[in-house]
Amino acid sequence: MGKNLFAVLMIGLLAFAFACSKESGGTTALSLASFEFPLESTDVATGSEVYAEFCEGCHPGGEAGDGPKIAGDLETPAELRWRVRSGGDDMPAFGPDKISDPDLEALLAFTETFGAVKR
Ligand code: HEC
């Protein structure tokens, strides 16, 4: 019985340590692979509104501003989704609380119009 309790405690401790180590990067590290799926949205109208609200300030019209030029970058949909959800050194991350999944797909469809993403 004593041994079993010890084992349970050790497993609990390991699980806790593992959970902590995963969070040690500050913001949760998102894997690119989890964003690998086809871009199906063609909702450019909604996407342009999302872009105006969240991106235009730093990437005006896809050009450089406080952020770099993204027009013509031809990133994959997964890369762009990852970038929006993860942010960067000087770019904020936008979680689903700010940009919903459907709005993110529409945003990609809009940025495709200036070649920031390629299906
Ligand atoms: C506060 C300013 C800011 C906002 C808002 C912002 N970005 Fe950025 N973005 C940046 C900066 C600065 C970088 C450079 C990378 C870094 O900071 O690590 C960047 C990088 C990028 C890149 C990669 C460019 C490259 O050449 O590697 C993409 C794509 C991008 N942003 C798209 C977006 C989209 C889409 C939005 C809206 C959801 C957005 N950004 C909102 C500042 C911003």
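**Entry 1: the fold.** I read along the sequence and found the pattern α-α-α-α. This is a predicted model, so I keep that in mind throughout. I counted the secondary structure: 4 helices and 0 strands.

**Entry 2: the chain as a whole.** I looked up burial next. The chain has 119 residues, and buried ones make up 21% of them. Then I turned to contacts with a separation of 6 or more. Of these, 73% join residues 24 or more positions apart.

**Entry 3: helix α3.** I picked out α3, which covers residues 77–86. Which of its residues are buried? I noted Pro 77, Leu 80, Arg 81, Arg 83, Val 84 and Arg 85. I then asked what the buried residues of α3 pack against. Their partner is α4, residues 101–112. In an α-helix there are 3.6 residues a turn, so residues three or four places apart point the same way.

**Entry 4: after α3.** I checked the residue that follows α3 and found Gly 87. The phi of Gly 87 is positive, near 70°.

**Entry 5: Glu 36.** I went to the loop between α1 (2–23) and α2 (44–54), where Glu 36 lies. Why does Glu 36 count as partly exposed? I found 13 C-beta neighbours inside 10 Å of Glu 36; a residue needs 20 or more to be buried and 12 or fewer to be exposed, so Glu 36 falls in between. I also looked up Glu 36 with Ala 78. They are 42 residues apart in sequence, yet their C-alpha atoms are 5.0 Å apart in space.

Conventions: Residues numbered from 1 in each chain as written. Predicted model: local features only at pLDDT ≥ 70, side-chain atom pairs only at ≥ 80, totals over all residues. Helix = DSSP H or I, 4+ residues; strand = E, 2+ residues; numbered from the N terminus. Contact = placed C-beta atoms within 7 Å.
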